[in-house]
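Here is a short report on a single protein model. Read it alongside the sequence and the 3D view.

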Amino acid sequence: MRGRMIDLAGVKNHVLLCNGDSCMIRGGEELTQALRDEIALAGAQRSIHTTRTRCNGHCADGCVAIVYPAGVWYGRMTPEDGRALVRRLKAGEHLDSMAFHRM
């Protein structure tokens, strides 16, 4: 295997953060950084993992974050929403007000 191995054994939520062009224009970088900062502040690095993606195909809903394994898609996310999402995920909940699709 190439690269380093990451221990994901304790991960409960995997957050995919769209960093496609439309989301980036709408603050995707700020959302990504706010969410990651909140994860660190909450001490949730072992339970919430993030991955930057390219376009998820829902440009009109940008900024988009997708949380697995629940399969919840969040749209029009701001940095403040990202921080709230982390707090909810840490509590075992979701940010229902921002969800636009569930698998």
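Start with Asp81, which sits in helix H3. Helices (H or I, at least four residues) and strands (E, at least two) are DSSP runs, numbered from the N terminus. The model is predicted, so local features need pLDDT of at least 70 and side-chain atom pairs count only at pLDDT 80 or more, while totals for chains, interfaces and linings use all residues. Residues are numbered from 1 along each chain as its sequence is written, and side-chain values use heavy atoms, with hydrogens and water left out.

Asp81 is buried but has no salt bridge. Its nearest side chain of opposite charge is Arg87, 8.3 Å away. Here Lys and Arg count as positive and Asp and Glu as negative; His and the chain ends are not counted. Buried means under 20% relative accessible area, exposed means over 50%, and partly exposed is in between (1.4 Å probe, protein chains only). A salt bridge puts a side-chain nitrogen of Lys or Arg within 4 Å of a carboxyl oxygen of Asp or Glu. What does Asp81 touch, leaving aside its neighbours within four places in sequence? Asp81 is in contact with Arg76, Leu95 and Met98. Contact means heavy atoms within 4.5 Å.

**Salt bridges**

The whole structure holds 6 salt bridges. The table lists three of them, including one formed by Arg87.

| Pair | N to O distance | Relative accessible area |
|---|---|---|
| Arg54 and Asp21 | 3.7 Å | Arg54 56%; Asp21 57% |
| Arg87 and Glu38 | 3.5 Å | Arg87 46%; Glu38 12% |
| Glu93 and Arg88 | 3.9 Å | Glu93 42%; Arg88 34% |

Arg54 forms its salt bridge with Asp21. Arg54 lies in the loop between E2 and E3 and Asp21 in helix H1 (residues 21–25), so the pair ties together parts that are 33 residues apart in sequence. Arg54 is exposed, and Asp21 is exposed too.

Arg87 and Glu38 meet in another salt bridge. Arg87 is partly exposed, whereas Glu38 is buried. In the pair of Glu93 and Arg88, Glu93 is partly exposed, and Arg88 is partly exposed as well.

**The sheet and its helices**

An open sheet has 5 strands in the order E2-E1-E3-E4-E5, with mixed pairing. Two strands pair if DSSP finds at least two bridges between them. Strands E2 (48–53) and E5 (99–102) stand at the edges with a single partner strand each, so one side of each has no neighbour in the sheet. From one strand to the next, the twist averages 20°. E1 (residues 13–18) and E2 run parallel, joined by 6 bridges. Leu17 stands opposite Arg52 in E2.

Helix H2 (residues 28–41) lies across E1 and E2, at about 165° to E2. Helix H3 (residues 79–90) lies across E1, E2, E3 (65–68) and E4 (72–74), at about 140° to E2. Axes are lines fitted to C-alpha atoms, for helices over the stretch in contact, and angles run from 0 to 180 degrees between N-to-C directions.

**One aromatic pair**

The count comes to 1 aromatic pair. Trp73 is in strand E4 and Phe100 in strand E5, 27 residues apart. Rings of Phe, Tyr and Trp (its six-membered ring) pair if their centres lie within 6.5 Å; planes under 30 degrees apart count as stacked, over 60 as edge-to-face and the rest as tilted. Trp73 is buried at 13% relative accessible area, while Phe100 is partly exposed at 32%.
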